[in-house]
Amino acid sequence: NPWKPLLLLLSPPAFSTSCARCAKDRRLRQKRAISERQLTRYFVDQRKVRVVGGQGGDGGHSFHSEPRKVFGGPDGGNGGDGGHVIFKADQQMKSLSSVFRFYQGFHGERGGSKNCYGANGAHMYVKVPVGTLVKEDGEVVADLTQHGEEYIAAHGGAGGKGNRFFLSNENRAPKFFTPGEPGQERVLHLELKTTAHAGLVGFPNAGKSSLLRAISRAKPAVAAYPFTTLNPHVGIVHYQDYEQVAVADIPGLIKGAHQNRGLGMAFLKHIERCRFLLYVLDLSVPQPWSQLQDLKCELEAYEKGLSERPCVVVGNKVDLAQSRINLALLREQVAERVIAVSALTGENLEELLLHLRELYDTYVKTEQSQGQSPVKW
């Protein structure tokens with residue numbers, strides 16, 4: 001087309017860096033909301049990883065030579081050590097989805113002449129979420145519960161010795177050297193257990209996700225069908241003195257969860273890390289106190305002593321008419337403190353937040369009295 005160059009000159013550019021009116025159109029695209037089922041593809045709490053340390057560099061083999069010094073002797077340097085593969089806990093990581101299935105450490109360099117040593121291979125750091133268990137052949141070899149904690153998953157091989165290393169009075173011109181050793185090879189199983197201060201435990205459709213949305217900025221999916229939550233969510237409750245309490249929304253449990261029914265043991269393990277529990281009961285159903293008994297039985301069957309942790313009973317959906325009648329009956333049947341709230345209308349959430357802070361302060365004092373550092377967010 002002979003008019004194409006002229007049309008290109010007359011057509012306005014897609015955007016202009018000098019025109020303020022055109023510059024307003026260049027906005028950042030908002031992050032698209034991800035549904036709960038789509039989120040399960042990104043949330044991974046188990047991973048099998050093969051790690052191999054870097055190989056050590058071979059030793060050098062050379063003899064020094066210069067004018068008027070022909071027989072300078074051996075000067076081959078040692079090879080560098082191979083790099084390690086190191087797992088490092090990072091608080092910014094929330095899932096094992098970004099962890100690959102194979103990691104290889106960097107190799108060490110070969111020893112050079114003039115007694116120059118080879119450079120060591122750089123370490124390979126793999127970021128994992130806080131609360132990651134490292135298992136080998138079913139046994140726990142590392143528990144990364146603190147931010148910045150490291151574990152050497154595979155050691156790098158040692159560098160070889162150059163012929164300079166073997167110089168002695170008996171052998172003034174050694175010609176042999178040693179190769180670098182191969183790195184350690186292991187197959188490890190990573191298992192993530194969500195680390196949070198409080199855990200919301202309850203049956204499906206008890207209102208756990210709605211309650212977490214009401215007290216924090218977390219946005220778990222909420223719907224009218226059971227098993228809406230397919231993976232744990234962690235919300236942060238902020239207080240005026242800048243303390244932060246992490247609350248985990250555990251997917252709904254049913255009878256026989258310790259036998260892997262429903263979502264089963266895949267999410268019971270996330271309750272192990274919680275320092276205190278919030279039993280969320282649906283006050284609109286008949287005999288809500290039976291829910292508490294069933295939940296405690298499931299926790300106790302999974303791990304002995306898990307149901308005895310500090311807890312509070314949260315009666316949700318108090319805005320319904322039937323819930324008022326069941327609330328009085330619930331307080332007569334259970335010995336624990338019962339806080340009636342409505343995650344939909346926000347009724348009585350202040351009392352829940354104050355008691356949540358009391359449980360957190362008790363946990364912090366207990367850890368400090370035992371000489372341990374409490375988990376901070």
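## Surroundings of His 64

Leaving aside residues up to four places away in sequence, His 64 touches Lys 69, Val 70, Phe 71, Gly 72, Gly 73 and Asp 75. In this predicted model, His 64 belongs to the loop that runs between β1 (46–52) and β2 (85–90), and the C-alpha atom of His 64 is separated by 6.0 Å from that of Pro 74, a residue 10 places away along the chain.

## Aromatic pairs and charges over rings

Across the whole structure, the search finds 4 aromatic pairs. One of them is formed by Phe 166 and Phe 176, whose rings are 4.8 Å apart centre to centre with 50° between the planes, an arrangement classed as tilted.

The ring of Phe 165 has the charged end of Lys 161 sitting over it, 5.0 Å from the ring centre. Elsewhere, an arrangement of this kind involves Arg 357, whose charged end sits over the ring of Tyr 239 at 5.2 Å from its centre.

## The buried His 197

His 197 is located in the loop between β8 and β9 (198–201). The relative accessible area of His 197 is 0%, and the residue is therefore buried, the cut-off being under 20%. From this position the side chain of His 197 reaches the backbone nitrogen of Ala 246, at a distance of 2.9 Å.

## Helix α7 and its kink

Helix α7, which spans residues 321–333, has a kink of about 25° that is centred on Leu 327. Leu 327 is itself among the buried residues of this helix, together with Ser 323, Asn 326 and Leu 330. In an α-helix there are 3.6 residues a turn, so residues three or four places apart point the same way.

The buried residues of α7 pack against several elements, namely the strands β12 (276–282), β13 (311–316) and β14 (338–340) and the helix α6 (289–302).

Note on methods:
Residues are numbered from 1 along each chain as its sequence is written. This is a predicted model: local features need pLDDT of at least 70, side-chain atom pairs count only at pLDDT 80 or more; totals for chains, interfaces and linings use all residues. Side-chain values use heavy atoms; hydrogens and water are left out. Rings of Phe, Tyr and Trp (its six-membered ring) pair if their centres lie within 6.5 Å; planes under 30 degrees apart count as stacked, over 60 as edge-to-face and the rest as tilted. A charge sits over a ring if NZ of Lys or CZ of Arg is within 6 Å of the ring centre and within 35 degrees of the ring normal. Helices (H or I, at least four residues) and strands (E, at least two) are DSSP runs, numbered from the N terminus. Buried means under 20% relative accessible area, exposed over 50%, partly exposed in between (1.4 Å probe, protein chains only). A polar contact is a pair of N or O atoms within 3.5 Å; within protein, one must be able to donate a hydrogen and the other to accept it, and residues adjacent in sequence count only if both atoms are side-chain atoms. The bend at a residue is the angle between axes fitted to the seven residues ending there and the seven starting there. Contact means heavy atoms within 4.5 Å.
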